[in-house]
Amino acid sequence: MEISIGCRFRFDVAEPTHALVLVEPHVDEERRVSNARFSTDPPVPSAKYRDLFGNRCRRLTLPAGTVDLE
């Protein structure tokens, strides 16, 4: 069975704020998920890594103002 997922988060931050997000499918489920993507508006660079449980994690710094994660 193929799974379709999606989410959107909106943050209003007063100053640049470090964030750690876990919003992507677990590596064990990647074959079942179609069209997985991660984006930010405005564009923000991020560093990806996997934690000890295999979760996909991202580190990023949200700029001051409104930031959407999708």
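1. Cys 57 is buried, at 2% relative accessibility. Here buried means under 20% relative accessible area, exposed means over 50%, and partly exposed lies in between (1.4 Å probe, protein chains only). Cys 7 counts as partly exposed, at 35%. The structure holds 0 disulfides; the test is a pair of cysteine sulfur atoms within 2.5 Å. A disulfide is a covalent bond between the sulfur atoms of two cysteines.

2. A word on the basis. This is a predicted model, in which local features need pLDDT of at least 70, side-chain atom pairs count only at pLDDT 80 or more, and totals for chains, interfaces and linings use all residues. Residues are numbered from 1 along each chain as its sequence is written, and side-chain values use heavy atoms, with hydrogens and water left out.

3. The chain has 70 residues, and 23% of them count as buried. Its secondary structure comes to 0 helices and 6 strands. From the N terminus on, the elements therefore read β-β-β-β-β-β. Both kinds of element are DSSP runs, numbered from the N terminus: helices are H or I with at least four residues, strands are E with at least two. Take the contacts between residues at least 6 apart in sequence: 71% of them join residues at least 24 apart. Contact means heavy atoms within 4.5 Å.

4. Two strands pair if DSSP finds at least two bridges between them. Strands of a sheet pair through backbone hydrogen bonds, either parallel or antiparallel.

5. Next, the bridges. β1 and β6 (residues 65-69) run antiparallel and are joined by 5 bridges. Phe 9 has Leu 69 as its bridge partner in β6. Phe 11 stands opposite Val 67 in β6. On the β3 side, 2 bridges join β3 to β6, again antiparallel.

6. Which residues form the aromatic pair? A search of the whole structure finds 1 such pair. Phe 9 and Phe 11 make it, and the pair is stacked, with 6.5 Å centre to centre and 25° between the planes. Rings of Phe, Tyr and Trp (its six-membered ring) pair if their centres lie within 6.5 Å; planes under 30 degrees apart count as stacked, over 60 as edge-to-face and the rest as tilted. Phe 9 is partly exposed at 36% relative accessibility. Phe 11 is partly exposed at 33%. In a regular strand the side chains alternate between the two faces of the sheet.

7. Thr 40 deserves a look. This residue is found in strand β3 and stands opposite Leu 69 in β6. Is Thr 40 buried or exposed? Thr 40 counts as buried, at 15% relative accessibility. Its side chain reaches the backbone nitrogen of Val 44 at 2.8 Å. A polar atom of that side chain also lies 2.9 Å from the backbone oxygen of Pro 42. Leaving aside neighbours within four places in sequence, Thr 40 is in contact with Asp 68 and Leu 69.

8. One last site. Arg 59 lies over the face of Tyr 49, at 4.3 Å from the ring centre. The rule for a charge over a ring: NZ of Lys or CZ of Arg within 6 Å of the ring centre and within 35 degrees of the ring normal.

Technical notes:
Polar contact = N/O pair within 3.5 Å; in protein donor to acceptor, adjacent residues only side chain to side chain.
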